[in-house]
Amino acid sequence: MEIEGKVAIVTGAGSGIGRATALALAAEGASVVVADIDPEGAAVTVGEITGADGAAVFVHADVTSPESIRNLFIEAEAAYGGVDIVYNNAGISSGEPHWPEASLERIAEETHINAGGVMMGTREAVHAMRKRGGGAIVNTASVAGDGHLPFDPMYSATKKAVMSFTQSCAPLAQSDNIRVNAVSPGMVRTAFQRKTGDGETPASWLLPSIERHADQILPPEAIAEAVLDFIKDDSKVGEIRTVAPD
Ligand SMILES: NC(=O)c1ccc[n+]([C@@H]2O[C@H](COP(=O)([O-])OP(=O)(O)OC[C@H]3O[C@@H](n4cnc5c(N)ncnc54)[C@H](O)[C@@H]3O)[C@@H](O)[C@H]2O)c1
């Protein structure tokens, strides 16, 4: 799919990978709906896009809320007339206190954002894209979904769920001309790691991995590039692409 002239929704676009992808989509000529619960981070993303003569609007959207997701698509259609591209990217870790001390509330939140948000975002995307004759959806998984994360098993489980969900959505390419794929990043330099700890320093259990892989931590732009590849390449359907150093 050519990106120029299309309308894209990016969740979690107020920071990190979502912001880098929103900027990359806008640079290729898409109108971008910056969806996030953080208005300040989203304002920075919108400002960077419009400052470079791109098109972007912020819509406050909490991907755990069916009402909020429904509203996101209504706002996107009102702003730009339809939706062609959706990047379901918002995600969190349980942070501290880590498993099994993580609170029930945090476990529910993590599950609802990482897995439920992707599922509900995809559902709404399909209904919006049918009106346009097709579209492209990309979800954010993680290499943690293929491994074990004893300090945050909810994270690895939800990311595995994103992979399985993405693969199960492959038939939408045949039935509705909607391609669903997922990126599976290794470690990426974003605020995500600090959010596992006190907001300034990553959690003590994550520090050894960060130190061990210090020279392999990717910039968020590397993930954005993989997302754009999926959108552009019409042959990609139900694929999970690992984006991590060898
Ligand atoms: N950073 C990494 O090392 C890494 C590795 C693999 C996968 N990922 C995944 O990449 C995605 C993006 O992470 P990031 O590293 O850019 O993190 P980040 O913390 O920099 O950005 C996440 C964004 O999601 C937003 N968000 C949180 N809860 C939300 C909700 N309920 N509704 C809408 N938006 C919400 C946050 O406000 C934030 O702007 C996540 O799904 C994460 O699991 C990150």
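Ala, Val, Leu, Ile, Met, Phe, Trp, Tyr, Cys and Pro count as nonpolar, Asp, Glu, Lys and Arg as charged, and the others, Gly among them, as polar. The model is predicted: local features need pLDDT of at least 70, side-chain atom pairs count only at pLDDT 80 or more, and totals for chains, interfaces and linings use all residues. Residues are numbered from 1 along each chain as its sequence is written.

**Exercise 1.** Describe the shell around the ligand by residue class and by helix.

*Solution.* Step two: 30 residues surround the ligand, the closest being Gly12, Gly16, Gly91, Thr190 and Phe192. Step three: the shell comprises twelve nonpolar, 14 polar and four charged residues. Step four: helices (H or I, at least four residues) are DSSP runs, numbered from the N terminus. H7 gives the most to the shell, with four residues.

**Exercise 2.** Determine how H4 is oriented relative to H5, and the class make-up of their contact.

*Solution.* Step one: axes are lines fitted to C-alpha atoms over the stretch in contact, and angles run from 0 to 180 degrees between N-to-C directions. Step two: H4 (residues 104–130) and H5 (residues 153–168) pack at an angle of about 10°, with their axes 9 Å apart. Step three: H4 is therefore roughly parallel to H5, a term for angles under 35 degrees. Step four: the contact of H4 with H5 has nine nonpolar, three polar and two charged residues.

How values were computed: A residue is near a molecule or strand if its C-beta atom, placed from the backbone, lies within 6 Å of it. Helices (H or I, at least four residues) and strands (E, at least two) are DSSP runs, numbered from the N terminus. Angles under 35 degrees count as roughly parallel, over 145 as roughly antiparallel, 65 to 115 as roughly perpendicular and the rest as oblique.
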